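Here is a short walk through a structure, written for someone who likes to check contacts and angles on screen. Please keep the viewer open as you read.

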Amino acid sequence: MLPENLLKNDERAMLALRSLYNSYGYRPFKMSKFEEYELYVRNKDFLVSDRVITFNDTDGRLLALKPDVTLSIIKNTRAGAYDKHKVYYNENVYRVSGTTGQFKEIMQMGLECIGDIDTTDVFEVVSLAAKSLATVSSDYVLDISHMGIISAFIAECERGSNFTRKMTALISEKNSHEVYTLCEQYGVPSEKADMLASLIGIYGERSSALKRLEPLCTSEDAKAALCELASLDKLLTEHGITDKVRFDFSVVNNMNYYNGIVFKGFLAGISEGVLAGGAYDNLLRTMKQDRRGIGFALYLDLLEELEEEGDGYDVDVLLVYDSKAQASSVAAKKDELISQGLSVYSATNVPEKIRYKKIVKVN
Amino acid sequence: MLNIALPKGRLGEKVYDMLERAGYPCEAIKENGRKLIFENAELGVRYFWVKPSDVSIYVERGAADIGIAGKDILLEYSPDVYELLDLNIGKCRMAVAGKKTFRDDGKRTLKVATKFVNIAKAHYASVSRDIDIIKLNGSIEIAPILGLSDVIVDIVETGTTLKENDLAVIETIVPISARLISNKASFKFKTAEIEKLVEGIRAQVKKDD
């Protein structure tokens with residue numbers, strides 16, 4: 001058995017998550033690091049960033065280092081043997097970092113459920129997202145939103161795509177003061193502006209959020225989305241998933257691809273969201289597939305922020321031996337110390353940059 | 001403990017006064033010295049002074065839970081943060097200015113000098129105007145005078161600097177004021193504390209006449 005403290009957070013999470021996903025019948029999905037570039041050209045807006053690392057294969061085809069996993073999974077899981085594909089993956093993706101503007105390798109672990117999806121599947125994926133966060137730390141928050149509600153509220157204003165884009169950005173910023181400015185600019189009636197500003201103000205505990213949301217949902221589309229949220233809330237509550245899984249409509253994904261439940265997960269101590277996901281039936285539709293899909297990804301590289309500082313030592317024992325010492329006696333001393341559970345670094349002289357607890361000499 | 005990033009300078013001092021009136025005082029902050037971090041452990045707040053253009057970085061990266069930044073900085077850098085309140089102070093506007101005699105006839109690429117490259121690009125892209133961006137770091141006003149650019153995109157407060165240099169505002173791009181921003185993850189874990197502070201500040205915000 002490996003000592004618990006030897007594993008880093010991401011490694012520990014990876015093992016625990018594999019076991020979690022396996023137990024729910026999700027199968028591991030291994031894919032190539034490369035993907036046809038064309039796949040991303042066709043679905044550029046689905047990507048978090050539209051910059052992709054490309055290169056030519058030996059036969060001249062233009063390939064890319066994967067910036068995203070979901071598109072590859074959709075491409076590689078055709079309907080057939082299973083009516084639903086439940087898969088999980090653990091892959092590196094290559095994206096431009098928003099803060100540095102340079103390419104970054106990001107370790108992602110996630111799952112996708114594609115096919116004839118029903119309420120049970122949506123609940124399963126959302127609860128697995130919550131369980132995934134809980135695997136890393138009990139101090140987590142999973143915010144759930146619904147693109148159907150957001151798009152229905154914006155559609156009621158009837159002001160076209162520029163307005164939609166700007167309003168979506170304001171909702172994601174919880175920027176209620178500028179909602180009024182934008183509505184005024186576009187000549188949207190003040191009661192609609194009030195409705196959008198109220199939506200921004202609804203977040204937190206699920207049942208009270210639902211109560212406040214209900215009177216605002218007047219259109220058929222909004223009512224249908226509300227109904228979906230309510231049934232998800234009921235299932236979550238019945239299964240004891242309560243205060244840490246909340247509603248928050250500032251979670252907004254691209255409407256061209258995401259249409260239903262969307263969610264984002266946070267862990268205390270990490271300054272950005274570590275988990276993101278949602279239902280992407282619209283994406284499947286644009287890929288000419290008559291299937292539904294929902295999934296999420298956990299950004300394992302961010303777990304580094306949770307790493308506790310060690311005791312400040314690189315090694316327990318520095319074993320310094322004379323160059324004339326017998327190799328066998330040095331090895332024997334080393335084995336003896338290691339068998340006591342100590343870590344040992346052996347060298348003929350004291351290295352400059354190693355911090356050790358004690359020094360042992362062998363002549 | 002709430003970590004609050006204040007922008008160094010006159011605006012930051014005004015904001016601190018609002019925070020003090022809202023019930024978050026920290027006496028030590030008023031002493032003139034070189035200290036940058038001030039804490040009121042009892043009330044659970046820690047203030048620190050940072051360069052105004054850096055506030056959004058501290059907040060986005062979670063070193064500060066909340067901060068006060070100008071809308072100009074938020075538009076230019078688009079940090080992934082919540083914008084919770086318009087403080088209605090530090091008011092000015094982002095504008096296009098040029099020589100009083102300048103007229104854009106649209107016949108050639110417009111040369112635009114600015115510190116705010118992204119704002120300028122977005123503005124001209126929205127009207128499909130072909131431009132040549134010249135990034136400057138200060139004294140933007142002299143660019144059109146010396147013929148370096150046709151126009152500038154910059155913050156205009158009273159317009160005095162423009163007038164003194166024989167320049168005039170051609171169009172306003174967007175009004176600017178100070179905004180209270182919050183780190184998204186901090187908002188999840190310190191919701192009640194942040195809400196309380198926001199409400200305290202909201203009560204201090206003066207409405208336009």
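How many residue pairs are in polar contact between chain B and chain A? In this predicted model, the count is 13 residue pairs, with both partners at pLDDT 80 or more.

**The interface in numbers**

Now for the wider view of where the chains meet. Contacts link 20 residues of chain B to 23 residues of chain A. Together the two chains bury about 1600 Å², and carbon and sulfur atoms account for 51% of that area. Which three residues supply more than any other three of the area that chain B buries against chain A? They are E83(B), K188(B) and F189(B), which supply 37% of it.

Four salt bridges are counted between chain B and chain A. One of the residue pairs to look up is R179(B) with E178(A), a salt bridge whose closest N and O atoms are 2.3 Å apart.

**A buried asparagine at the boundary**

N175(A) is worth a stop. This residue sits in the loop between α6 (160-172) and α7 (176-185) of chain A. Is N175(A) buried or exposed? Its relative accessibility is 0%, so N175(A) counts as buried.

The side chain of N175(A) has polar partners in both chains. Within chain A, a polar atom of this side chain lies 3.1 Å from the backbone nitrogen of E178(A). Across to chain B, the side chain of N175(A) makes a polar contact of 3.1 Å with the side chain of E83(B). E83(B) is also one of the three residues named above for their share of the buried area, and E178(A) is the partner of R179(B) in the salt bridge. Setting aside neighbours within four places in sequence, the contacts of N175(A) are L170(A), I200(A), K71(B) and E83(B).

**Aromatic pairs in chain A**

Next come the rings. A pair of aromatic rings is described by the distance of the centres and the angle of the planes. Over all chains, a search of the whole structure finds 10 aromatic pairs. Two of the pairs are set side by side here.

| Pair | Distance of centres | Angle of planes | Arrangement |
|---|---|---|---|
| Y21(A) and Y88(A) | 5.7 Å | 55° | tilted |
| F263(A) and F296(A) | 6.2 Å | 65° | edge-to-face |

Why is the pair of F263(A) and F296(A) edge-to-face? Its planes are at 65°, and the edge-to-face class takes angles over 60 degrees.

Each pair also joins separate parts of the sequence. Y21(A) belongs to helix α1 (residues 9-23) of chain A and Y88(A) to strand β5 (residues 84-96) of chain A, so their pair ties together parts 67 residues apart in sequence. F263(A) is in strand β10 (residues 261-267) of chain A and F296(A) in strand β12 (residues 292-299) of chain A, so this pair ties together parts 33 residues apart in sequence.

As for accessibility, Y21(A) is buried at a relative accessible area of 0%, and Y88(A) is buried at 5%. F263(A) and F296(A) are buried as well. These four residues, Y21(A), Y88(A), F263(A) and F296(A), form one aromatic cluster.

**A covered helix**

Strand β10 of chain A turns up again around helix α5 (residues 147-155) of chain A. Seven of the nine residues in this helix are buried, leaving it mostly covered. The buried residues are M147(A), G148(A), I149(A), I150(A), A152(A), F153(A) and I154(A). Their cover includes β7 (140-146), α6, α8 (190-201), α9 (206-213), α10 (220-238) and β10 of chain A.

**Two positive phi angles in chain B**

Finally, a look at the backbone. S128(B) is not a glycine, yet has a positive phi of about 50°. S128(B) lies in the loop between α4 (117-126) and β8 (131-135) of chain B and, at 68% relative accessibility, counts as exposed. D166(B), also a residue other than glycine, has a positive phi near 65°. D166(B) is placed in the loop between α6 (160-164) and β10 (167-176) of chain B, and is partly exposed with a relative accessible area of 49%.

Definitions and conventions. Residues are numbered from 1 along each chain as its sequence is written. Chains are lettered from A and ligands numbered from 1 in the order in which they are written. This is a predicted model: local features need pLDDT of at least 70, side-chain atom pairs count only at pLDDT 80 or more; totals for chains, interfaces and linings use all residues. Side-chain values use heavy atoms; hydrogens and water are left out. Contact means heavy atoms within 4.5 Å. Buried area is the accessible area (1.4 Å probe) that two parts lose on being put together, summed over both. A salt bridge is a side-chain nitrogen of Lys or Arg within 4 Å of a carboxyl oxygen of Asp or Glu. A polar contact is a pair of N or O atoms within 3.5 Å; within protein, one must be able to donate a hydrogen and the other to accept it, and residues adjacent in sequence count only if both atoms are side-chain atoms. Helices (H or I, at least four residues) and strands (E, at least two) are DSSP runs, numbered from the N terminus. Buried means under 20% relative accessible area, exposed over 50%, partly exposed in between (1.4 Å probe, protein chains only). Rings of Phe, Tyr and Trp (its six-membered ring) pair if their centres lie within 6.5 Å; planes under 30 degrees apart count as stacked, over 60 as edge-to-face and the rest as tilted.
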